[in-house]
Amino acid sequence: MTAPVTAAPGGTGGKLHRTLTLRDLIVYGMLFIAPMAPVGIFGTLDAKSHGAVALVYVVATVAMAFTAFSYAQMVRVAPQAGSVYTYARVGLGEGPGFIAGWMALLDYLLIPAVAYLFSGIALHALVPSVSQWVWTAVAVAVTTALNLAGVRTAALVGFLVLAMEIAVLLVFVVCAIFALSDRGAQRDWLSPLTGEAGFTTGAVVAAVSVAVLSYLGFDAIAAFAEEAAGGSERVARAVVTCLAVAGVLFVVQTYLAALLAPMSPAELAAKPAAQGSAFYDTVDSATGPWLHDLVAVSKAVGAAFAALAGQAASGRLLFAMARDRRLPGVLSKVDRSSGVPRAAVLGAAAVNLVAAVWAARRDDGLDRLVSVVDVGALVAFALLHLSVIGWFAVRGRGGELKPVRHVVVPLLGLAVVIAVIAKAAATAQIVGGLWLVAGLGVLGAEVLRKGPA
């Protein structure tokens, strides 16, 4: 058995309360991912993969399973808040741990801001008389209040929202099946898995590099390791379960949407402007505008609560780094009544609010904000995989070495992450590189301040 790391050496700060059930953990993960995450990028993936959009999500689920497996390995070693920051710290050392946390912060703080902005955009479309930035700020305020009320309160409300999202998805599935039985499919029944004319492995791989970004967020479950009532085993189960459930939901909805799509993959590739609304256009043509509006409302509410889960996770990451004296100590304080790291959550909320409202007040705000997320999490994933190898194979602290579990799987996961980073937008790579350089500067300054050990 692996001996878990139960305390952060030299750490300080408050202690979180173990109140979350397995259901609560899965709810947080699924909220952050969002059951209908493929809606916005369906058209892009359909065009890129030459119609094999369901196959793209099958492959993406398998690819991300390597990362989920590495999380499950390390959460047993270090069942603490902080997620990949904690795992890299114990598996690779203090320096790499800080860089992992620093890179994850870029993602954890900005992805909720993007989700808040999505919510503001959708709500403004439904109620145009209220400005987009006002809706965005309201979404931040409501979800922050829930997070401050306590992790169980937020999880309960989140469960209700998640149930609503899944209900809307089920309505789409039922309507799609009726439409297919009534009017038949627009494409060959196997085409979402095999592609249409011009299908190539390279096209699928290129689409997978985009599709894996739909899964970012399932890793947030690990941030609640200190608040899981069942300990590390329950967190590991939740991480794997969340990824599996999300994979099934993504494959089913994209398979049905591809069969009903009024435009072919070639037409979508020739008309990039139509890719963003391709899923909604499919819903309109198959069932009518009422389901379009229902999906839009679900996405608006769901985006705000995806941000709730992301904000909660980023608060735990700030808390863990502050407890280890990597960030100001005030962020490590835990409210006695709610058990929430209040200052850390408020700090995350402040960054979310500034970034989301700034973007909401600009015409190009969404593009600018979206272009810089994801790379931070992907770099952190890379350090996660190296942490597994470092803990079990290099340091030999995990007991008996199992080459497939402790070396081969992490290396496969690392290869997937590197491939996705290589395919990322140039802006994201530049911002991620600058953020990494800034983190190395902070780390170097701390080493110089403390002097040699």
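Helices here are DSSP runs (H or I, at least four residues), numbered from the N terminus. The model is predicted, with local features needing pLDDT of at least 70 and side-chain atom pairs pLDDT 80 or more, while totals for chains, interfaces and linings use all residues. Residues are numbered from 1 along each chain as its sequence is written, and side-chain values use heavy atoms, without hydrogens and water.

Rings of Phe, Tyr and Trp (its six-membered ring) are paired if their centres lie within 6.5 Å, and a pair is stacked with planes under 30 degrees apart, edge-to-face over 60 and tilted otherwise. This rule gives 10 aromatic pairs. One of them is the tilted pair of Phe-172 and Phe-279, with 5.1 Å between the centres and 45° between the planes. This pair links distant parts of the chain, since Phe-172 belongs to helix α7 (residues 151-183) and Phe-279 to helix α12 (residues 278-287), 107 residues apart. Both Phe-172 and Phe-279 are buried, that is, under 20% relative accessible area, where over 50% is exposed and the range in between partly exposed (1.4 Å probe, protein chains only). Through ring pairs, Phe-42 joins Phe-172 and Phe-279 in a cluster.

What lies on the surface? Val-58, Val-59, Val-62, Leu-190 and Leu-193 form a nonpolar patch there, together having about 380 Å² of accessible area (Shrake-Rupley method, 1.4 Å probe, only the protein chains shown counting as cover for residues). Patch residues have over 30% relative accessible area and no salt bridge, and nonpolar side chains (Val, Leu, Ile, Met, Phe, Trp, Tyr) are joined within 5 Å, like charges within 9 Å; a salt bridge is a side-chain nitrogen of Lys or Arg within 4 Å of a carboxyl oxygen of Asp or Glu. Helix α3 (residues 53-77) gives the patch its largest share, 3 residues, whereas Leu-193 lies in helix α8 (residues 191-194). Leu-193 counts as partly exposed because its relative accessibility is 36%.

Technical notes
Helix = DSSP H or I, 4+ residues; strand = E, 2+ residues; numbered from the N terminus.
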